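Open the structure in a viewer and keep the selection panel at hand. The stops below are meant to be taken in order.

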Amino acid sequence: MSTQKPWIASVYVTTVRLNSADPVSLDTDALIVGFTKSEEGLRPAPGAESLDAAFGGKLAASLGAVAFSGKAGELAKLPTFGAIAAPLLVAVGLGDSYDAEGLRRAAGAAVRSLAGTSRAALALPAGSPEEAEAVALGGLLGAYSFSRYRTNGEQKPPVAELTVLSGQPEALAERAGVLAESVALVRDLVNTPPSDLWPAKFAEIAEEAGDKVGLSVEVLDEKELKDGGYGGLIGVGQGSANPPRLVRLSYSHPEAGKTLAFVGKGITFDSGGLSLKPSNAMDWMKSDMGGAGAVLGALIGIARLGLPVNAVGYLCLAENLPSGTAQRPSDVIHSYSGKTVEVLDTDAEGRLVLMDGIARAAEDNPDVIVDVATLTGAQIVSLGWRISGVMANDDALRELVVEAAGAAGEGAWGMPLPEELRKGLDSPIADIANLHPERWGGMLAAGIFLKEFVPEGVRWAHIDMAGPAFNKGEPYGYTPKGGTGAVTRTLIGLAERHASI
């Protein structure tokens, strides 16, 4: 173990501030402006009016000459030839109309395109508090870069200083910074290879990060897990030389009226165990701890924002590998709740660690439990790579989670828990089996399995974000290739909503 490298986060140095200066005279290396498209053609968005005048009203025509149409996310770069103080103008399309998420994505795409530039200013619509924060947050998220393992020096550093041209309070930029740094931590964890992020190391990182913001942190090692009856965590982790951990993070506020519990799946690498995955489904399984990462990032963000709620987070950490000590299909394990589970497929392991975390979280008497997991490939089949599935034992809670995700720009869709699927989880020798025999409805069947471990009367929601946690394609908007940090902002948004109840 001592030969493995210490974990080091990416150097996330981008800063943002708000400034009401005139974009024409602002001293910066690049100026980002927004354009909308209409029946009359390109139009400068609010924030860009004085710039258009500085170019003699010909800015739209110049952009049209380079085939810029103003569709959402489209980019064009023009030298300014002294017409304004900034030497480079970056036009970003906002489409026919835009909302906060449209501004976040536009700012992220434009800032990402300026890697290697030291300073950039954003003259995007930022007249309201919501708009100003969206532009600041999108810019910061777009500036993210993970370069720890680069040795050739070819990767350009992200923009170091961002200025959002707005007359709104500076506190909005500070809040955007907290959210962006929470997401960046999760992205770093997801992007880190499993050779440098095993359960005990993840727990160590959580302890260090939690201590810095005043969280109470408790870590259970493999002996304590076994003695405590955490059969799911022990069973999943017993095939690896890196034993499992359960991390409990807690935040309390003297004015809190509600308590939320978040439970995250933290499989630091998922080979499938003895039910081995095919190689083309395994190469990105370092991301299978994205749920635990989101819970950690959310707890840190909640603490830094000082939200008047109580929040508890559980990171269910294990490495799922095949070996002579690995659990076998047909094994029966004893969960923390006392229920027995027949393991029909060792690759349905996420629900086994979550069942222990959910049962333990219920002992904190929370008003709500929300678990977050890269749980099923069926989620990707059902909803694609960008939309999480949300299931719950309470309709109002399910809709609240979907609403919080939508406000954060993190796509989510409410899904049912059909009662008829429960029979397929019957086991002839245990209380329940961990896999439904039917291929269809796998995301829903996994949710039904987890529901069995939620005590009566406890409001619970389950977020399956198998696809959204990791972007295998090209970057888009403020989303990079690789770890996305998905659901982190949704959980913080949920805490904010409960703080106001």
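The tour goes through the nonpolar cores, then a loop residue, then the cavity. Bear in mind throughout that this is a predicted model.

**Cores.** Select Leu315 and Leu491 to begin. These two have the most contacts inside the largest nonpolar core, a set of 96 residues. Next colour helix H5, residues 171-191, which supplies ten residues, the largest share of this core. Domain 1 (15-168) and domain 2 (181-328 + 345-425 + 436-500) each contribute at least three residues to this core.

Return to Leu491 and show what surrounds the side chain. Beyond neighbours within four places in sequence, Leu491 is in contact with Phe262, Ala294, Val295, Ala298, Val370, Val372 and Ile463.

**A loop residue.** Move to Ser287, in the loop between strand E10 (259-270) and helix H9 (290-305). Is Ser287 buried or exposed? Ser287 counts as buried because its relative accessibility is 2%, under the 20% cut-off.

**The cavity.** How many cavities of 30 Å³ or more does the structure hold? There is one. The largest cavity holds about 30 Å³ of space. To display its lining, select Gly235, Val236, Gly273, Leu274, Asn320, Leu321, Ala326, Gln327 and Thr346. Coloured by residue class, this lining shows four nonpolar residues, five polar and no charged.

Conventions
Residues numbered from 1 in each chain as written. Predicted model: local features only at pLDDT ≥ 70, side-chain atom pairs only at ≥ 80, totals over all residues. Heavy atoms only, no water. 1 Å grid on protein atoms, 1.4 Å probe; cavity = no way out; pocket = protein on both sides within 12 Å on 5 of 7 lines; lining within 4 Å. Points joined across faces, edges and corners; volume = space filled by probe spheres on them. Nonpolar A, V, L, I, M, F, W, Y, C, P; charged D, E, K, R; others polar. Helix = DSSP H or I, 4+ residues; strand = E, 2+ residues; numbered from the N terminus. Buried < 20%, exposed > 50% of the residue type's maximum accessible area, 1.4 Å probe, protein only. Core = buried A, V, L, I, M, F, W, Y, C linked by side-chain atoms within 4.5 Å. Domains from an automatic or database assignment. Contact = heavy atoms within 4.5 Å.
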